[in-house]
Amino acid sequence: MTQFDTKGLLPPHPPVMDGAILMTSRRIGSWEILVKRRPLSSADLANRYDAVSGSWERTAGRLQLEAAYQEPLLTSQVATVLTQAGPQARVLDCGVGSGNLSIALDSILTDPVTFHGIDTSAEMLAQARSKMHAAGLRAHCKQADVLSLPYDDQSFDVVMAAHVLEHLPDPRRALREMVRVLNPGGMVFVCVTRPSLFGALIQLKWRTWAVTEKQGVAWLRESQLAEVACQPVRLGSCAGVASTAFWARRPT
Ligand SMILES: C[S@@+](CC[C@H](N)C(=O)[O-])C[C@H]1O[C@@H](n2cnc3c(N)ncnc32)[C@H](O)[C@@H]1O
């Protein structure tokens with residue numbers, strides 16, 4: 001695990017650029033060459049996820065997502081945050097997909113909490129509902145965009161998102177919205193694709209960011225979060241260490 005203090009220097013990171021994702025940049029002498037790509041619109045992305053929803057569970061199974069998420073969730077000590085919140089503890093899973101991150105979190109908790117899941121894809125949400133219900137979670141799922149969460153300020157103890165922020169032209173907007181609904185002392189937990197061969201394939205197919213540790217840390221700090229930390233995440237199949245988990249607390 002890498003821990004970052006909140007007063008350290010902001011690491012350099014490419015800016016988010018006029019709604020486009022910076023795929024690569026090269027400096028040659030006085031030349032700076034940037035390759036940007038327009039992300040899929042929210043509606044196109046929802047349609048694409050609707051279309052792959054039938055095979056998503058096979059993909060998630062091959063990548064062993066649930067098991068992969070458990071390790072950083074344990075390191076983050078998110079369970080302690082939820083225990084301190086008591087029996088009314090509430091967790092929001094943004095871009096819940098078929099519920100893998102919530103189910104992974106539930107598996108490391110001793111006491112039950114209430115899960116809320118949002119997603120722009122109706123078909124993915126249908127999967128989340130049935131899978132989270134089958135796993136015995138107390139879960140409520142709603143169609144919504146992470147950029148405009150239909151919840152009050154400071155209404156969750158943990159707000160999380162796995163493999164969602166890298167889809168967005170400006171992940172910092174989503175983080176600001178996630179922090180808005182987070183209680184003081186609560187935890188944000190996100191997992192995103194990192195630069196790797198697997199990350200490049202995902203980028204090509206889905207027009208996503210491949211987020212470096214420095215970038216992710218900078219984004220969390222810019223969102224006014226403290227105690228920022230991160231850890232590489234090993235996925236199953238041949239994906240290898242293809243993602244990074246980041247977490248941080250909202251100052252009290
Ligand atoms: C790669 S899947 C990850 C699903 C799940 N979090 C997991 O780890 O198994 C990304 C999910 O994010 C959803 N998504 C993409 N953009 C979104 C947005 N702006 N707001 C909410 N959900 C979004 C997609 O519909 C999809 O279900």
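Student: How many helices and strands does the secondary structure of the protein chain come to?

Tutor: The chain has 8 helices and 10 strands, where a helix is a DSSP run of H or I of at least four residues and a strand a run of E of at least two, numbered from the N terminus. The model is predicted: local features need pLDDT of at least 70, side-chain atom pairs count only at pLDDT 80 or more, and totals for chains, interfaces and linings use all residues. Residues are numbered from 1 along each chain as its sequence is written.

Student: Why are α6 and α8 called oblique to each other?

Tutor: Helix α6 (residues 171–180) and helix α8 (residues 213–222) pack at an angle of about 45°. Angles under 35 degrees count as roughly parallel, over 145 as roughly antiparallel, 65 to 115 as roughly perpendicular and the rest as oblique, so α6 and α8 are oblique.

Student: Which residues make the contact?

Tutor: Pro171, Arg172 and Leu175 of α6 meet Trp219, Leu220 and Glu222 of α8; contact requires C-beta atoms, placed from the backbone, within 7 Å.

Student: How many residues surround the ligand?

Tutor: There are 25, and the closest are Tyr49, Gly95, Gly97, Ser121 and Ala162; a residue is near if its C-beta atom, placed from the backbone, lies within 6 Å. Helix α1 gives the most to this shell, with 5 residues.

Methods: Axes fitted to C-alpha atoms, helices over the stretch in contact; angles between N-to-C directions. Contact = placed C-beta atoms within 7 Å.
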